[in-house]
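I am opening my notebook to record what I looked up, one topic at a time.

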Amino acid sequence: MSRLTRRRFFPIILFIVSLVAAFFAIRMLYGEPQIDRSILSGTPCAIPCWQGITPGVTTYGDALKVLQGNAYVKQGSVEQAGGAASGGATWEWTIPSQRVLPRLTWSDGIVQEITLGLPFELRAQEMIDRFGQPEGLIASPGGQPEAWYWIIDLYYPQLGAEFKAYTAEFANTLGPATEIDVAVLFQKIPLKDRISQEFVKADVIEHRVSLLRTWAGFGDLFEIYYQDQNELFIPTKPR
């Protein structure tokens with residue numbers, strides 16, 4: 001390389017080195033974003049407790065204090081709606097979740113449910129390795145006609161937990177690598193009581209219960225659990 005060429009490339013190299021140095025300086029100053037994996041580790045408490053908040057036990061005031069001082073929660077992101085009798089709160093992670101905004105709800109001043117849009121990658125096999133086989137599952141349609149997929153609710157009522165798996169677009173397979181993007185924590189109750197707790201309308205509850213299946217392994221949903229796709233849609237009543 002000639003002296004002239006080196007002179008031309010020197011400012012570029014100096015600029016790149018400066019960028020790299022600035023990047024590492026920012027990381028040292030602000031630290032790595034915190035990722036909450038506590039539902040897997042059981043620290044500081046095991047499900048259905050999350051970060052010291054336990055459905056059926058923790059008051060909404062104490063829960064809000066936990067959120068506002070938690071290292072995994074983005075500062076200033078906690079938003080509250082409702083009052084002591086009935087309400088809820090949403091927040092953002094320091095690293096965004098893929099599917100849903102995390103939230104909790106309460107009634108009579110006590111937290112009833114915690115929904116965690118997971119900010120880390122969790123696969124179906126890892127979930128089963130950690131918690132065992134689910135007691136039951138229910139599949140339902142998701143997405144839009146031009147980009148549809150299936151949502152599979154995997155129930156662990158004896159643990160007070162429910163995990164939501166999402167198939168790939170245009171796919172019917174629930175496999176070991178299927179994404180688990182949402183965890184819902186609640187008081188430990190029988191499975192059918194949990195399904196009734198999730199919905200208000202009697203016809204929706206009846207339909208969901210009819211779709212409940214015991215765990216039979218990974219594979220095509222319509223070879224293992226259901227006869228056809230129409231089975232998963234709520235029948236429309238004639239007017």
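This is a predicted model: local features need pLDDT of at least 70, side-chain atom pairs count only at pLDDT 80 or more; totals for chains, interfaces and linings use all residues.

**The pocket**

I began with the largest pocket, where β7 gives the most to the lining, with three residues. I then looked up which elements give two or more residues to the lining, and they are β3 (103-107), β4 (110-117), β7 (161-166), β9 (179-186) and α5 (191-198). When I sorted the lining by residue type, I had five nonpolar, three polar and eight charged residues.

**A residue in α5**

I next turned to Ser196, which is found in helix α5. Ser196 has a relative accessible area of 34%, so I noted it as partly exposed, the class between 20% and 50%. I also looked up Glu206, which is ten residues away from Ser196 along the chain, and their C-alpha atoms are separated by 8.7 Å.

**The cores**

Which residues touch the most other members of the largest nonpolar core? They are Ile39, Trp50 and Leu104, in a core of 49 residues. Strand β6 (residues 147-156) supplies the largest share of this core, namely five residues. A second, separate core has six residues, among them Tyr149, Ile151, Tyr166 and Val184. I wrote beside this that nonpolar side chains tend to be buried together in soluble globular proteins.

**The loop between α2 and α3**

Gln51, in the loop between α2 and α3, has a positive phi near 55 degrees although it is not glycine. Is Gln51 buried or exposed? Its relative accessible area is 14%, which is under 20%, and therefore I recorded Gln51 as buried.

**Pro145 and Phe170**

Last, I looked up Pro145 in the loop between β5 (136-144) and β6, and this residue is exposed, with a relative accessible area of 71%. Phe170 lies in the loop between β7 and β8 (173-174), has a positive phi near 60 degrees, and is partly exposed at 47%. Pro145 and Phe170 are 25 residues apart along the chain, and their C-alpha atoms are separated by 9.6 Å.

Conventions. Residues are numbered from 1 along each chain as its sequence is written. Side-chain values use heavy atoms; hydrogens and water are left out. Helices (H or I, at least four residues) and strands (E, at least two) are DSSP runs, numbered from the N terminus. Ala, Val, Leu, Ile, Met, Phe, Trp, Tyr, Cys and Pro count as nonpolar, Asp, Glu, Lys and Arg as charged, and the others, Gly among them, as polar. Buried means under 20% relative accessible area, exposed over 50%, partly exposed in between (1.4 Å probe, protein chains only). A nonpolar core is a set of buried Ala, Val, Leu, Ile, Met, Phe, Trp, Tyr and Cys residues joined through side-chain atoms within 4.5 Å.
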